[in-house]
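Thanks for sending this one over. Here are a few notes to read with the structure open beside you.

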Amino acid sequence: MVFRRLFDTPANLRQGFKSQSGRKVTKIGAALLAAGFLAGCQADEFGAGPKHLRPVSSSLKRKMTDMNMSSTSPIMIRIFKEESELEVWKQTRSGKFKLLDEFEICKWSGKLGPKFKEGDRQAPEGFYEITPALMNPNSSYHLAFNLGYPNKYDRSHGRTGSHLMVHGACSSRGCYAMTDEQVQDIYALARDSFKGGQRSFQVQAYPFRMTPENMARHRDNEHLAYWKMLKTGYDHFEVTKTPPKVSVCEKKYVFDATTLVDGVPFRASAKCPDYQVSPRIATAVASKQRKDNEKFQQLAARFDAREERQKRWEERSNRFAEALGGGEDEAGATAVTADAPAVVEQPAQTAANTAESTPVPEPQSDQAVETAFAPQEQSGGSSVGSFFKRWVPFGSKATEEAPGAAPATTDVVPSAKP
């Protein structure tokens, strides 16, 4: 009966029913897609909501409150390779920066020293400015921000590289890798500083903490001159507790410099324009560097003396070992010639002459030759007897042989010990 009524319905009404059903299906499909999208943005292991929008951890919130910091105040980051540490500094309401937190770097690649070229797997060293455009909320390594390498200084020296980042996932090929939990907080702090109006935050990447002790330890490194230049920027921050203004001219870093002529810019490869540094800052930095240099010289002299003592000790130890090894070689040669019949018939010879007259087979190319220990024949004499044979200049070899002992008739000479 129902089907008959449906078929009896005019065609225009049936068309209306179909159109209404289609709209319902479309609405249901859209709702399902929206639900799927929202599900993709739901909580993962570190909290609720999209990972790039999550707030900083509660522990950092408490620290900021205790240290009189706004959640949106500017930040600065320092990285130390040798110590594997990343520091986040944040501006207090007084205007100075204080250390908010230290994070242990999970992995960094390469060695101490700057990055030179694409593919060398070196993590960069230098001064870098991070803008909002360098933040990556969709990183395959949880979250990330690009260091902006190469910067003006790097480019002026022809250095190449790309995609050098601070990111999560604890995996590095030229980057500074953190754990996902660490980079979650670091990213949130950077994001909030942009919300507060900071246009870019500075990253200072160093080989180690730029102390006189560390500089003295690495005084013979090929990068020492470069590190001394980085240390100047390090010192500017240490005395002012504000990130230094970084410029580049004549292919070198210049810090907190202001040109004397308005509108004249710093150009990385060009001659530096006339500039000045605030006398207050310049005086404080010069005082710090003078004290650091005095300590550096003292420590360098102490380290040099220690290394010289170590070198002399090693040389004496080597000479002593060579003397012992040479004595055993001579004793072995004497024992070999004592067994040969020709030695009994000829006048006594020195061990050195006998060794020269006896052909010795050359060692094989694939065998290691020991020079400190030579083979010895046990010819009935003790080690004490060998000692006296070496050092007492009298007595013949014949009298030391056992009475009635027949000389050996073999022509084979023992080969060198492999």
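The points below go through the cores, a strand, a sheet and a helix in this predicted model.

1. Let's begin with the nonpolar cores. The largest has 31 residues, and those with the most contacts inside it are Ile 77, Ile 79, Leu 86, Phe 145 and Phe 201. Two or more residues each come from helix 3 (58-66), strand 1 (75-80), strand 2 (85-91), strand 3 (97-104), helix 5 (180-195) and strand 10 (201-206). Helix 5 gives the largest share, seven residues. There is also a second, separate core of 22 residues, with Phe 208, Leu 230, Tyr 234 and Phe 303 among its members.

2. Strand 1 deserves a look of its own. Six of its six residues are buried. On one side sit Ile 75, Ile 77 and Ile 79, on the other Met 76, Arg 78 and Phe 80, and both faces are covered.

3. Which residues does Ile 77 touch, leaving aside neighbours within four places in sequence? Its contacts are Leu 86, Glu 87, Val 88, Phe 145, Ile 186, Phe 201, Gln 202, Val 203 and Gln 204.

4. Next, the partners of strand 1. Strand 2 pairs with strand 1 in the antiparallel sense over six bridges, while strand 10 runs parallel to strand 1 and is joined to it by five bridges.

5. Elsewhere, five strands make an open sheet of mixed pairing, in the order 4-9-8-7-6. Its edges are strand 4 (107-108) and strand 6 (135-136), each of which pairs on one side only. Strand 4 runs antiparallel to strand 9 (residues 176-177), with two bridges between them; Trp 108 stands opposite Tyr 176 in strand 9.

6. Is helix 7 (residues 224-240) largely enclosed or open? Twelve of its 17 residues are buried, so helix 7 is largely enclosed by the rest of the structure. Among the buried ones are Trp 227, Leu 230, Lys 231, Tyr 234, Asp 235 and His 236. The length of helix 7 also checks out: at 1.5 Å a residue it should span 24 Å, and its end C-alpha atoms are 24 Å apart, which agrees. Just after helix 7, Lys 241 takes a positive phi of about 55 degrees.

Technical notes
Residues are numbered from 1 along each chain as its sequence is written. This is a predicted model: local features need pLDDT of at least 70, side-chain atom pairs count only at pLDDT 80 or more; totals for chains, interfaces and linings use all residues. Side-chain values use heavy atoms; hydrogens and water are left out. A nonpolar core is a set of buried Ala, Val, Leu, Ile, Met, Phe, Trp, Tyr and Cys residues joined through side-chain atoms within 4.5 Å. Buried means under 20% relative accessible area, exposed over 50%, partly exposed in between (1.4 Å probe, protein chains only). Helices (H or I, at least four residues) and strands (E, at least two) are DSSP runs, numbered from the N terminus. Contact means heavy atoms within 4.5 Å. Two strands pair if DSSP finds at least two bridges between them. The expected span of a helix is 1.5 Å times one less than its number of residues.
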